[in-house]
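Hello,

Here is the structure I promised to pass on to you. Please have a look at it first, and then read my notes below.

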Amino acid sequence: MGSKSHHQNQHVNRLMRKIEKFKKKNWNIEGLQKELSYATGEKERPEFKTGRDADPRLKRKYFND
């Protein structure tokens, strides 16, 4: 199966290959470079809300006190 570090290294290597391929075709590599910086640990991934915090139906406040 492989360890976590093995999978992370595979992800980084695939991203690097993909960036090189995109450069040769003169395609935009901005998003790939951003993901590479997250994968290598240069930047932290931004926080995002999930579950109840993200559900717009639950944003309404009820004052039943």
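Predicted model: local features only at pLDDT ≥ 70, side-chain atom pairs only at ≥ 80, totals over all residues.

**What I found**

Arg14, Arg17, Lys18, Lys21 and Lys25 form a positive surface patch. Patches are made of residues with over 30% relative accessible area and no salt bridge, where like charges are joined within 9 Å and nonpolar side chains (Val, Leu, Ile, Met, Phe, Trp, Tyr) within 5 Å. The place of a charge is taken as NZ of Lys, CZ of Arg, CG of Asp or CD of Glu.

Residues are numbered from 1 along each chain as its sequence is written, and side-chain values use heavy atoms, with hydrogens and water left out.

**The chain as a whole**

The protein chain has two helices and zero strands; both kinds of element are DSSP runs, numbered from the N terminus (helices: H or I, at least four residues; strands: E, at least two). Its radius of gyration is 19 Å, whereas a compact globule of 65 residues would have one near 11 Å. That radius is taken over C-alpha atoms, and the globule rule is 2.2 Å times the number of residues to the power 0.38. The C-alpha trace spans about 60 × 35 × 20 Å along its principal axes.

Of the 65 residues, 15% count as buried. Here buried means under 20% relative accessible area, exposed over 50%, and partly exposed in between (1.4 Å probe, protein chains only). The chain exposes about 6,400 Å², and carbon and sulfur atoms supply 50% of that area. There are 17 positive and 9 negative side chains, with the centres of the two sets 7 Å apart; Lys and Arg count as positive and Asp and Glu as negative, while His and the chain ends are not counted.

**Salt bridges**

How many salt bridges are there? The count comes to three, taking a salt bridge as a side-chain nitrogen of Lys or Arg within 4 Å of a carboxyl oxygen of Asp or Glu.

- Glutamate 20 and lysine 23 meet at 3.9 Å, N to O. Both lie in helix H1, three residues apart, about one turn of the helix. Glutamate 20 is partly exposed at 42% relative accessible area, and lysine 23 is partly exposed at 44%.
- Arginine 45 and glutamate 35 meet at 2.8 Å, N to O. This pair links distant parts of the chain, with arginine 45 in the segment after H2 and glutamate 35 in helix H2, 10 residues apart. Arginine 45 counts as partly exposed, at 47%.
- Aspartate 55 pairs with arginine 57, and their closest N and O atoms are 2.8 Å apart. Aspartate 55 is buried, with a relative accessible area of 16%, but arginine 57 is exposed at 58%.

**Two more residues to look at**

Most residues other than glycine have a negative phi. Asparagine 26 has a positive phi of about 60° although it is not a glycine. Asparagine 26 sits in the loop between helix H1 (4-24) and helix H2 (30-40), and is exposed at 70% relative accessible area.

Proline 56 is placed in the segment after H2 and counts as exposed, at 60%. From proline 56 to glutamate 35 there are 21 residues in sequence and 28 Å in space, C-alpha to C-alpha.

Best wishes

Notes. Areas by Shrake-Rupley, 256 points an atom, 1.4 Å probe, with all protein chains shown as cover.
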